[in-house]
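This briefing sets out selected features of one protein chain, grouped by topic. Please consult the sequence and the structure shown below alongside the text.

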Amino acid sequence: MVILITGGAGYIGSVIVESFVDTHKVVVLDNLSTGKEQLINPKATFIKGSILNKKILDKLFAQYKFDLVIHLAAKAVVPESVLKPKLYMNVNVNGTNNILKSMYKYRCNKIIFASSAAVYGKQKQIPITETALKRPCNPYGTSKLKAEQLIINSHFKYCILRFFNAAGASKSLKYGMMKDHPTLLITAVNKTLINGKPPIIFGNKYKTKDGTCVRDYVHVEDLMLACKLCIKYLQTHSSGIFNLGSGKGDSVLEVVKLACEINKKALIYDVKPNRLGDPSTLLASIVLANTILKWRPKYGLKDMIKTDYQFRLKNHLK
């Protein structure tokens with residue numbers, strides 16, 4: 001099978017690429033705006049380019065005759081999306097539309113799309129099911145929802161995967177989050193445990209058990225497994241939309257305390273005001289993914305914290 005992976009030099013993309021390169025022909029398209037050269041897999045064919053470049057997309061589809069696309073390339077920082085909504089609509093919506101047009105033109109009819117829990121926004125019913133009313137509360141979530149709708153209307157076979165909070169590094173510790181990313185809590189906390197600088201907690205006045213946001217964390221290795229199961233699913237089925245999370249919520253303070261326990265270190269932290277566009281609780285129902293895809297997460301929060309910490313030490317990330 002020949003697979004195009006957009007955003008394959010990014011955090012999640014690099015972990016997914018690593019799992020496919022020994023069994024499939026993998027072409028990675030990434031403009032390295034957030035991806036890193038160090039995360040380019042040497043076993044994959046790497047093309048530097050943007051999903052906004054229609055000529056590059058057409059050239060790749062004509063040359064490689066892809067059987068399937070795993071579309072991960074996106075702008076994905078909630079606070080930035082509030083400041084730059086047009087940028088997010090352009091990359092996440094128009095970029096997706098460009099891919100679909102090339103798929104149609106070159107007769108590739110299967111796509112796995114990395115969507116986000118941000119499409120749900122604030123929900124009263126927790127845990128959140130795939131059929132919940134979509135009401136994103138930031139431009140990032142809105143852009144992902146619009147991209148989903150383009151895919152659904154395309155008549156291709158698709159799996160839309162709504163990632164909750166991705167964390168951890170690959171089992172090999174070769175691929176993980178290299179970038180300083182203040183919106184990824186586990187990475188921010190581990191960075192602090194290594195360099196001693198206080199992490200920032202964005203808000204402690206949410207309507208939760210301890211005032212800090214509650215999120216559903218999922219290991220990147222489990223996201224990779226879901227992609228593998230989706231490929232199998234699309235061989236015999238048409239399409240599906242699935243939440244990917246742990247089904248368990250942890251607050252910001254709980255994550256901080258657990259990281260300190262695991263690494264036997266103490267830390268202090270700074271508290272800033274609640275961030276724009278942040279719902280207080282996001283918790284996935286993963287019943288559908290378990291029932292249909294036979295997917296269930298193998299790794300827990302401790303694994304996410306440990307592998308991320310080990311990855312940072314191995315790559316001298318301070």
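A crossing of two helices is called right-handed if the near helix is turned clockwise from the far one by less than a right angle, and left-handed if the turn is anticlockwise. By that convention, helix 8 and helix 10 cross in a right-handed sense. The model is a predicted one.

**Packing of helix 8 and helix 10**

- Two packed helices are described by the angle between their axes and the distance between the axes.
- For helix 8 (residues 252-263) and helix 10 (residues 301-314), the angle is about 60° and the axes lie 10 Å apart.
- Helix 8 contributes Val255, Leu258, Ala259, Ile262 and Asn263 to the contact, and these meet Leu301, Lys302, Ile305, Lys306 and Tyr309 of helix 10.
- Sorted by class, the residues of this contact comprise seven nonpolar, one polar and two charged.
- Asn263 belongs to helix 8 and is classed as buried because its relative accessibility is 18%, where the cut-off is under 20%.
- Beyond residues up to four places away in sequence, Asn263 touches Ile305 and Tyr309, and also Asn190 and Leu193.

- Seven strands form an open sheet in the order 3-2-1-4-5-6-10, and their pairing is parallel.
- Strand 3 (45-48) and strand 10 (240-244) are the edge strands, each pairing on one side only.
- From one strand to the next, the twist averages 20°.

**Strand 5 and its neighbours**

- Strand 4 (residues 68-71) and strand 5 (residues 110-116) run parallel and are joined by three bridges.
- Among the residues bridged to strand 5 are Ile70, whose partner is Ile112, and His71, whose partner is Phe113.
- Helix 4 (residues 85-105) lies across strand 1 (2-6), strand 4 and strand 5, and runs at about 170° to strand 5.
- Helix 5 (residues 139-152) also packs on the sheet, where it touches strand 5, strand 6 (157-163) and strand 10; the direction of helix 5 makes about 160° with that of strand 5.
- Strand 5 and strand 6 run parallel and are joined by seven bridges, with Ala114 having Leu161 of strand 6 as its bridge partner.
- The path of the chain from strand 5 through helix 5 to strand 6 is a β-α-β crossover of right-handed sense.
- How many residues of strand 5 are buried? Seven of its seven residues are, and the strand is described as mostly covered.
- Both faces of strand 5 are covered: Lys110, Ile112, Ala114 and Ser116 are buried on one side, and Ile111, Phe113 and Ser115 are buried on the other.

- Thr281 is placed in the loop between strand 12 (270-272) and helix 9 (287-293).
- Leaving aside residues up to four places away in sequence, Thr281 touches Ile126, Thr208, Val214 and Arg215.
- Thr281 and Tyr206 are separated by 75 residues in sequence, while their C-alpha atoms are 8.7 Å apart in space.
- Ile126 is joined to Pro127 by a cis peptide bond, with omega near 5°.
- Pro127 is located in the loop between strand 5 and helix 5.

**Residues with positive phi**

- His155 is not a glycine, yet its phi is positive, at about 70°.
- His155 sits in the loop between helix 5 and strand 6.
- Is His155 buried or exposed? With a relative accessibility of 75%, and the threshold set at over 50%, His155 therefore counts as exposed.
- Lys294 likewise has a positive phi, of about 65°, although this residue is not a glycine.
- Lys294 is found in the loop between helix 9 and helix 10.
- The relative accessible area of Lys294 is 63%, so this residue is exposed by the cut-off of over 50%.

Key: Residues are numbered from 1 along each chain as its sequence is written. This is a predicted model: local features need pLDDT of at least 70, side-chain atom pairs count only at pLDDT 80 or more; totals for chains, interfaces and linings use all residues. Side-chain values use heavy atoms; hydrogens and water are left out. Axes are lines fitted to C-alpha atoms, for helices over the stretch in contact, and angles run from 0 to 180 degrees between N-to-C directions. Helices (H or I, at least four residues) and strands (E, at least two) are DSSP runs, numbered from the N terminus. Contact means heavy atoms within 4.5 Å. Ala, Val, Leu, Ile, Met, Phe, Trp, Tyr, Cys and Pro count as nonpolar, Asp, Glu, Lys and Arg as charged, and the others, Gly among them, as polar. Two strands pair if DSSP finds at least two bridges between them. Buried means under 20% relative accessible area, exposed over 50%, partly exposed in between (1.4 Å probe, protein chains only). A crossover is right-handed if, with the strands pointing away from the viewer, the path from the first strand over the helix to the second runs clockwise.
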